[in-house]
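Welcome! Here is a short tour for anyone meeting this structure for the first time. Take a moment to look it over, and then we will walk through it together.

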Amino acid sequence: MSASALPSDYAARRRELLSESHNAGAGSAMRRKGLAALTDSWLRQVFADAVASTGVPAGKATLVAVGGYGRGELSPGSDLDLVLLHADRDVAADLADKIWYPVWDTGVRLDHAVRTFEEARRLASADLPVLLGLLDARPVAGDPALVGRLRSSVLGDWRAAARRRLPELREAWDERGARSGDLRHDLEPDLKDGRGGLRDVVSLRAVAASWVADRPHRDVDDAVRRLADVRDALQLVTGRATNRLQLQEQDQVAADLDLADADALLREVGRSAAAITHAAEVTWRRALQATRPQRSRFVRGRKPVLRLLGPGLAEHDGEAVLTAQADPRTDPLLVLRMAARAARAGLPLSQSSVDRLVADSPTLPQPWPETARHLFVELVGAGPPMVPVWEALDQAGLIARLLPEWDLVRHRPQRNAVHRYAVDRHLLEAAVQAVPLVREVHRPDLLLVGALLHDIGKGSETARTDHSQAGEPLAVTIATRMGFDTDDVATLALVVRHHLLLVEKATRRDLDDPATVTAVADELGTTEVLELMAALTRADALATGPVAWSEWKAGLVDDLVRRTALRLHGAPPPPPPPLTPAQTALVAAGRLAVVAEPDEAVTWTVTVAAPDRTGLFATIAGVLALHRLSVRSAQVRTEAGMALDVWTVVPDRDHDPRAEALRNDIARALEGELDVTQRLTARDASRRQPASPPAAPRVEVIDAASATSTVLEVRAGDRPGLLYRLGRALALMGVNIRGARVVTLGAEAVDVFYLQDAAGDPLSDLAAREAVRLLTDAAG
């Protein structure tokens, strides 16, 4: 063996290269490429010596690098993945021994195979790991034309069979992520096999090589480089070929990468994994679209199939997309509207549409318009489908535009084994867990926003403040920017500051001691805030993990809430505001009249005056639904035998409400010429149902809220025609609606009805129970 091919010579030069780069603090692609180049040079000499000693004719054997080594990079702990291609089985074994033994003598791990051209091609067609390795095949020594021919053949076979084999690749991707954890959240992430790790990128390259779908490049390439740098530093620190970033090594790895501490290191890993995971989701979605039959995506092979989701929004090919009419430059609400509608429909966001939003969307005015806040609450209240929509916006940088404070918690690790997720994902999961609890509070919007923000102070703690205290001023800033009024801002600040109060008092104090309940009541102040805190406590614990919540803990918290509620007193609904001069004139006219006036960019006030009659409320609500007007809020009252209904509505299509058309349809419906029920039922049949089933509706009698009426409160998921169905149920029962307070908070409807019987008296207990049953059925 020549001196240059001696294993000891290569091993010494390899140690020198790694030592120099480690001492210089370099964790870079240059070192990986340098190590690969050094190994190439040495293996060429080893191969030349082996060929010379065995007498193998030129062109009969070729040494091929595959996998990561085939891509021209080697980490300090990487195996050497080599294949010896040959055309003569008689000499192949002897030649292989003379190559493999010198490698083994260096102490470097070797993954090797000896195959003919036909064997390699056949195995790649049957074995996915072999295929993935050969997609990166690169000649090291011997005949490069043979490697080029093999790679072309393998690529051709892969592309020809991609539609059949891509599901196998996807299944392997899913199984690996389930088995090896998630780099975005694990405290000891597997940098190679975990979800968002380096092996996921190999799968993405294979999808791109199939020509079925391309993958995102820039963000992914940067993420791969960062993860490879972290793995290099880990392997240099430990001196082992490890991919698991364990706790005891994190501080030193962070120092070698010039990062502040172990938390900064895990945030870097999480950021990289998020980019790779997002790219994988986009790529797999594109692959599914490309392999789906054309007839399901286009009409007659030409026009795309679109289902409208709202102004400028549509569903196409399983994604929410911007239509050609959408103009992000002139519509600052488009980001939130698209996100809310996509999440409600259970659709991912089209990447091209997100790119349009990034490039052209203006910044929201501050404070936000009321509609922006409602859309935000609708997004947060959409349940599990909200999470991928939020993460897609976050990956694109759009969440940072809406909530700059989100940067504080993005990918921030939680060094507590109880927590399943990093802080940002935990906040999203808390909002998801809060959705089924919205019926239990008077203000679902404050519950959902409070759940999203309750840990926003993590990362801002100081020696004198914990994360709850640090989060309070951040919550004030965010809530004020969102346009909440002063009282709501104070409530959200209180919720963030005291979100741990109930569970801490319930589990650490004597509930039989009056001082415990007094302290909680003094801190929270009202039953409304107590309701919010009770629901948030449960949502926070369920989002944390199974260990954080138990029947025992839930029982203690429920007991504390019950005792505290006895110390607090609620208030009845506020009286209606006095009539304006214009409203007084409408009532005095004594006939049907409709006035429609714009409030802001997307909301309108529709005022309807009409002689009062049973079923009038349902008729008006049904006509508004037929005109595709979503009810944001409503106030219904009766004055001198005239009903006066004031509705705040949002058009669901690209046209404004017309008062004359509304008046005509209301009149036709009252006269029996327009069948509202039939029209709404036909529309419901073609409407896409929400991806997540809503929580069960909740209908309650509010005792002692009125001396002249029975007051019922309905809490239900909002949907087109809901108010019509509620009003119609009451009309069929012969109950009169003497007043109503209707409000839509995100995706939640909270409707309060003041009811009287035909004699103008409150309902009997039996009739009230029947009304509760009918409204529950109608809301469901």
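Let's start where two helices meet: α18 passes α23 in a right-handed crossing. What you are looking at is a predicted model, and its protein chain has 30 helices and 17 strands.

**Where α18 and α23 cross**
- The axes of α18 (residues 444-453) and α23 come within 10 Å, crossing at roughly 45°.
- From α18, the residues Leu446, Leu447, Gly450 and Ala451 meet Leu532, Ala535 and Leu536 of α23.

**More about α23**
- Helix α23 is mostly covered, with 13 of its 18 residues buried.
- Just after α23 comes Gly545, whose phi is positive, at about 155°.

- In α10 (residues 247-256), the buried residues are Glu249, Gln250, Val253, Ala254 and Asp256.
- Viewed down the axis of α10, these buried residues fall within an arc of 150°, so they line one face of the helix.
- Asp258 follows α10 and has a positive phi, near 60°.

**A closer look at Ala618**
- You can find Ala618 in helix α26, which covers residues 616-626.
- Is Ala618 buried or exposed? Its relative accessibility is 4%, so Ala618 counts as buried.
- Setting aside neighbours within four places in sequence, Ala618 is in contact with Tyr724, Gly727 and Arg728.
- Ala618 and Ile737 are 119 residues apart in sequence, yet their C-alpha atoms are 9.8 Å apart in space.

**The chain as a whole**
- Along its principal axes, the C-alpha trace of the protein chain spans about 110 × 70 × 45 Å.
- Of the 780 residues in the protein chain, 54% are buried.
- Among contacts in the protein chain with a separation of 6 or more, 69% are between residues 24 or more positions apart.

Notes: Residues numbered from 1 in each chain as written. Predicted model: local features only at pLDDT ≥ 70, side-chain atom pairs only at ≥ 80, totals over all residues. Heavy atoms only, no water. Buried < 20%, exposed > 50% of the residue type's maximum accessible area, 1.4 Å probe, protein only. Helix = DSSP H or I, 4+ residues; strand = E, 2+ residues; numbered from the N terminus. Arc of directions from axis to C-beta. Axes fitted to C-alpha atoms, helices over the stretch in contact; angles between N-to-C directions. Left-handed = near helix turned anticlockwise from the far one by under 90°. Contact = heavy atoms within 4.5 Å.
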